[in-house]
Amino acid sequence: MVASRTAFLWMALAAESLRGQSFSQRGFLELRGAFYPQTAPGDSGRAVGEALLRWEPSLQLSPSWKLNAAFDARTDTHRQVERIWRADFQDRRRQRPAFSLRRASALWHKGPLTVEAGKQFIRWGKADILNPTDRFAPRDYLSVTDSDFLAVTGARITVEHGAETLDLVVTPRLTPSRAPLLNQRWVLIPETLRALGVEDAGSRFPGRAQYGVRWNRNANGYEYSFVFYDGFHHLPLIEGELGARVRLRRYHPRLRLYGGDAAVPTRLATLKGEAAWFTSSDRTADEYVLYVIQAERTWKEWVFAGGYAGEAVTSRRNPVAFAADRGFARAFVARAAYTIDPRRSFAVEAAVRQNGEGTWTRAEYSHQLSGHLRATASFTLIRGEPNDFLGQYRRNSHGMIALRYNF
Amino acid sequence: MNKQLAAVVLFAAAALAQDPRQIVEEVQKRTRSQSQRYEGTLRVIDGRNRISEKRWRYERLGSFGDSKAVLRFTAPAEVKGVALLIHNHKERSSDQWMWTPALQRDRRIALQDRSTRFFGTDFSFEDLEERDASQYSFKLLGEETVNGAACWKIESRPVSTKTSQYTHSTLWIRKDIYVYVRIEGFKGSSLVRRIEYSGHEKVKNIWTARLLTVFDAGRNSRTELKLDRLEYDVTDLKQEDFTLQALRRG
């Protein structure tokens, strides 16, 4: 009797606490096919099929509290996705997990203070081409030119005071960028090494936490920010071990970064700049400055953005690295997007290395077929020399078709 | 004596009412509220009569000259969560930022980009900011009847501190209840956009158009915005709900 009364009381309390809460959700099911006209040295496959189901629920518990989550379930034909029935939270494995908790965070705010803890997306920087200051934004680079962001696990505290915002971030564990798979077309292994036999020896992850601070000011008509980061690079360096076969292991060098960004609208276009100095106490890691200068303009149904992504090496230590961010530097980059009508759009983007040894161009057409359904077709053309980051992928030009059902 | 006084008051009111600035300021005065919230249903009808629907939720805090607003798409699923933050100012054009949840990034909408259509609707970014009387000069063009209602026809031109895609606009204001029934925005002599206000209802003592129809002359397309669940002087809105962090919180 007492138990049933207690249960009733709990139910009444739970019902009361749920009052005023609001649940919202969105998501999509996407089927995607990529078609490669050419085979690559490590990959004879010409077609890759993928299916991804993403569900993003959120629950507003009270005016101050909100829970956010996102779940992914995926599969593919090319073993980029694991064939293991387990849910992944850490995003540290070589392949994409078949089931993953993409985001899981609790957000609390009161007055000028916002605190978000858990697995979350943190995006810093103002440029669109390349974001040197975006340090808590690892990516999935299994297909290098079609990368997607990964969330990091940690706490973010944001204080907003008038036009100024202070962002403090701590992530106890590094979430690495997912590097291309050794046995697939986005890793080019020299013929001599390939003859010896190469195997992936996994990753060596650092144990220490990452810290970051960003101060941003939205002034009258322009904005700027300064960034400090202390932790590890989410892109790996690679060390080799010679035995019966060559064993390649990824590791993440220490990184201390000083950077900033600014956006200034002028009469003709919005000018954006972003720069960061990457320093490291690791003797195998380069120290360098990455910077971006771009102009952006909207004209009728067109959006244009173009600029230059530059790099200056301050201390060269010649590591073997998968440095996708530096790979798109020393390049002129441009994007033009045209909205044909509310249902259809077209975009072209390109990166051309300043020495002309690598180019990447993508054209994309997108068509909303119904209120929920969108089809997208794109073609990526990659050209260049084998010693260039972009040029090495010259056999990876590909077409892609995606059909997405949004709900 | 009383009759004479009434005649003088009526004459004075009529004389004042012929001052176009005072007419527009009276419109502002009569629509002034501390805050506003509505759920908007949009039907975008393109030149070939193809229709797409969207919904947004609009919240405003403050009134003319010093208001802040957030507009957040709630449907369709593809654009759900996309939001626009507007900080209106008395002495200059508004500041606007757009939040795109798929990118987890906010982007300031530069002044020179305000003539762009807002997310596939026929509203431009500029049309979504408030039209404070202090930012325009006015000229009374005459009187006209629109949909059976007697209206003042007034020309407005932006002052030098106001950046606008329109060189001038023509406003039609109903004489009986001081509300806009039509605004046409021009670039030189070419019509750029026409906004029709209809279905006026009194909500919390404020005459409000429940249906806005925006016609984009360049594209020959129109967007109908229907205002549902309209509230004024909402008590649960706070300043902290109108910041970039609030956009991110969703």
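**Entry 1: a hairpin in chain A**

I looked up A:His109 and found that A:Thr114, in strand 6 of chain A, stands opposite A:His109. I note here that the model is predicted. Next I checked which strands pair around this spot. Strand 5 of chain A, residues 99-110, runs antiparallel to strand 6 of chain A, residues 113-120, and the pair has 7 bridges. The two strands form a hairpin with 2 residues between the strands. In that hairpin I noted A:Gly111, which has a positive phi near 55°.

I then asked which other strand pairs with strand 6 of chain A. I found strand 9 of chain A, residues 152-161, in the antiparallel sense, with 8 bridges. One bridge I wrote down joins A:Leu113 to A:Val159 in strand 9 of chain A.

**Entry 2: chain A as a whole**

I counted the secondary structure of chain A: 3 helices and 24 strands. Along the principal axes, the C-alpha atoms of chain A fill a box of roughly 80 × 55 × 50 Å. I compared the radius of gyration with the rule for a compact globule. For 407 residues the rule gives a value near 22 Å, and chain A has 23 Å, so the two agree. Of the 407 residues of chain A, 34% count as buried. I also looked at contacts between residues at least 6 apart in sequence; in chain A, 56% of these join residues at least 24 apart.

**Entry 3: chain B as a whole**

I repeated the list for chain B. Chain B has 3 helices and 13 strands. Its C-alpha atoms fill a box of roughly 70 × 40 × 35 Å along the principal axes. A compact globule of 250 residues would have a radius of gyration near 18 Å; chain B has 19 Å, which agrees. Buried residues make up 36% of the 250 residues in chain B. Among contacts in chain B between residues at least 6 apart in sequence, 44% join residues at least 24 apart.

**Entry 4: helix 2 of chain B**

Which residues of helix 2 of chain B are buried? Helix 2 spans residues 20-30, and I found B:Pro20, B:Ile23, B:Val24 and B:Val27 to be the buried ones. I then looked down the axis of helix 2 of chain B: the buried residues fall within an arc of 95°, so they line one face of the helix.

**Entry 5: the cores**

I noted that nonpolar side chains tend to be buried together in soluble globular proteins. The largest nonpolar core has 42 residues. In this core, B:Val70, B:Ala83, B:Leu85, B:Ile173 and B:Tyr180 touch the most other members. Apart from that core lies another of 40 residues, including A:Phe136, A:Val144, A:Val152 and A:Leu290.

I went back to B:Leu85 and set aside its neighbours within four places in sequence. That left contacts with B:Val70, B:Gln96, B:Trp97, B:Phe242, B:Leu244 and B:Leu247.

**Entry 6: where the chains meet**

How many residues of chain B are in contact with chain A? I found 23 residues of chain B in contact with 27 residues of chain A. Strand 2 (51-61), strand 6 (105-108) and helix 3 (244-249) of chain B each supply at least two residues of the side that touches chain A. Helix 3 of chain B gives the most, with 3 residues. I sorted the chain B side by residue type and got 6 nonpolar, 8 polar and 9 charged residues.

Terms used: Residues are numbered from 1 along each chain as its sequence is written. Chains are lettered from A and ligands numbered from 1 in the order in which they are written. Two residues are in contact if their C-beta atoms, placed from the backbone, lie within 7 Å. Helices (H or I, at least four residues) and strands (E, at least two) are DSSP runs, numbered from the N terminus. Ala, Val, Leu, Ile, Met, Phe, Trp, Tyr, Cys and Pro count as nonpolar, Asp, Glu, Lys and Arg as charged, and the others, Gly among them, as polar. The radius of gyration is taken over C-alpha atoms; the globule rule is 2.2 Å times the number of residues to the power 0.38. A residue is buried if 20 or more other C-beta atoms lie within 10 Å of its own, exposed if 12 or fewer, and partly exposed in between; C-beta atoms are placed from the backbone. The arc is that of the directions from the helix axis to the C-beta atoms. A nonpolar core is a set of buried Ala, Val, Leu, Ile, Met, Phe, Trp, Tyr and Cys residues joined through C-beta atoms within 7 Å. Two strands pair if DSSP finds at least two bridges between them.
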